[in-house]
Amino acid sequence: MLKTLYTRLTLGLFLLLLAVGLLYTFFSLYSLREYNASVNQELHRDLAKDLVADRNLVSEGELDRGALKELFALYMTINPSIEIYLLDLDGTILSYSADPAKIKRKQVSLEPIRRLMNDMDSYPVLGDDPRSHDRQKVFSVTPVPSAENPEGYLYVVLRGEEYDAAETMARGGQLVELSAWALIISLAVVMIAGLAVFRLLTRRLTLLTRLVEDFEHSDMSRQALQSTWRDRRPVVRDEIDYLGATFDDMASRIASQIELLTEKDAQRRQLVAQVSHDLRTPLASMQGYIESLKLRRDRLTAEEQDRFLDIALKEGRRLSRLVDELFELAALEAREKQPVPEPFPLAELVHDVVQKHGQEAGARQLELVVDGDPDLPLAYADLAMTERVLDNLIGNAIAYSPSESRIEVVFGQADGLPQVCVHDSGPGIPEQDLPHIFDPFYRGESSGGSGHAGLGLAIARRIMSLQGGDICVENLSSGGASFCIRLPVGPPE
């Protein structure tokens with residue numbers, strides 16, 4: 001029931017309006033009572049003085065007790081809403097026009113009496129009600145027999161007990177009913193208007209909630225983003241629009257990440273299958289030749305035994321190299337192996353690596369040459385990792401180049417960065433293989449039976465990525481392929 005935002009806002013509005021209505025009723029009644037008291041006292045502030053003058057209560061400078069008694073009796077009959085009291089100078093009640101059984105005070109405070117007589121325009125001034133120990137009421141007062149020769153005060157309570165009883169009945173009936181109906185109607189009108197406003201405010205939140213739920217129950221692919229917040233609200237105007245646009249971006253990123261994870265999972269499955277195949281092939285070859293050697297050793301010549309052992313040793317080395325490359329690629333992918341960059345002269349490193357591969361190139365009747373600008377800026381990279389990349393590129397060029405061909409290693413600058421390119425004279429790379437040449441275990445048609453597992457270029461690309469460099473490949477117009485690496489000259493900013 002209270003789970004939706006709209007319901008909670010509705011309940012909150014109802015409680016708020018109820019509290020405001022009750023407070024308004026309380027303050028309205030209080031203000032009305034104060035206003036009535038002020039008006040009553042203002043209209044009757046001279047009542048006590050007029051009673052003394054009209055009823056001839058003072059005769060020859062003396063208070064006429066008989067006339068006062070008649071006044072008490074008269075007003076108890078014709079105007080029970082006021083009560084008249086005769087006080088002495090200390091505030092003690094001497095006589096009154098009220099039921100003696102209901103009089104609870106013998107004395108009233110003179111402080112409000114003096115305050116009102118000093119300033120007849122300061123109202124409402126409340127004085128003690130002789131019928132109660134704690135209640136106060138508006139009053140009219142005058143000194144008797146005169147202000148020049150006061151012997152006491154004529155103290156007139158303007159809202160006597162009879163008036164209070166009548167007012168209570170009126171309030172308990174019609175006034176309360178009218179107030180209740182006014183409060184109910186006001187609450188109903190404001191509640192309906194509030195519900196309409198809340199519906200307008202929460203309509204977009206409801207729409208956004210539906211979008212989130214639809215995306216949650218979908219496969220979270222890009223096809224699930226056919227309906228977006230920006231399609232409905234292309235302009236961000238407030239926080240809800242901003243939230244919707246942010247959800248669109250978040251959902252798009254989630255979809256991209258899921259697609260990437262799906263692709264990575266497919267690559268992982270393919271990698272596992274390829275690793276299994278590439279590990280099983282040399283292992284099976286080793287096992288076959290060793291078993292043949294064991295079973296037929298007495299029937300094989302020494303030359304045949306040596307040939308079997310050479311083949312088994314070659315496959316063992318191939319298996320060892322493949323396992324090493326697997327561990328190296330895994331360490332690079334997991335960032336367990338991090339580069340330690342330092343500035344170094346790239347030209348010297350290139351000459352050292354070319355010299356290291358000179359014997360292998362000569363054995364295959366290949367011409368391995370190096371050329372370039374020696375005045376290169378210092379490269380900022382990991383020296384050992386960069387050497388590992390150059391070893392791989394030059395080794396691949398030697399493996400794929402035909403005998404009596406030429407391999408060129410050229411170093412120079414590209415966009416102000418040091419660059420090394422290895423040009424071979426091999427068959428080149430088919431165009432369909434170029435986008436995948438750096439993928440792990442990828443071997444195109446040109447790989448032939450070279451025995452390479454397809455991890456070297458993947459390792460090279462990962463190393464260059466970790467160092468902030470780049471590696472690329474293209475086919476030469478004269479034939480063969482060209483692999484180029486580009487290195488940074490300083491730490492990333």
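Asp439 counts as partly exposed, at 24% relative accessibility; here, buried means under 20% relative accessible area, exposed over 50%, and partly exposed in between, with a 1.4 Å probe and protein chains only. Its salt-bridge partner is Arg461, and the closest N and O atoms of the two are 3.9 Å apart. To count as a salt bridge, a side-chain nitrogen of Lys or Arg has to be within 4 Å of a carboxyl oxygen of Asp or Glu. Arg461 is partly exposed as well, with a relative accessible area of 38%. This pair links distant parts of the chain, 22 residues apart: Arg461 sits in helix H12 (residues 456-466), and Asp439 in the loop between S12 and H12. Helices (H or I, at least four residues) and strands (E, at least two) are DSSP runs, numbered from the N terminus.

All this comes from a predicted model, where local features need pLDDT of at least 70 and side-chain atom pairs count only at pLDDT 80 or more, while totals for chains, interfaces and linings use all residues. Residues are numbered from 1 along each chain as its sequence is written, and side-chain values use heavy atoms, with hydrogens and water left out.

Searching the whole structure turns up 12 salt bridges. One of them joins Lys356 to Glu387, with the closest N and O atoms 2.9 Å apart. Lys356 belongs to helix H9 and Glu387 to helix H11, so the pair ties together parts that are 31 residues apart in sequence. Both ends are partly exposed: Lys356 has a relative accessible area of 45%, and Glu387 comes out at 27%.

Another salt bridge pairs Asp129 with Arg135, again with 2.9 Å between the closest N and O atoms. Here Asp129 is buried, at 0% relative accessibility, whereas Arg135 is partly exposed at 34%.

S13 and strand S14 (residues 481-486) run antiparallel and are joined by 6 bridges, and Ile471 stands opposite Ile485 in S14.

Contact means heavy atoms within 4.5 Å.

Back in helix H12 there is also Arg462, which is buried with a relative accessible area of 16%. Leaving aside neighbours within four places in sequence, Arg462 is in contact with Leu332, Glu333 and Arg335. Leu332 is among the buried residues of H8, which also include Phe308, Leu319 and Leu329. Helix H8 (residues 302-333) has 32 residues and reaches 46 Å from its first C-alpha to its last. That is close to the 46 Å expected at 1.5 Å a residue, the expected span being 1.5 Å times one less than the number of residues. Just after H8, Arg335 takes a positive phi of about 60°.

Notes
Two strands pair if DSSP finds at least two bridges between them.
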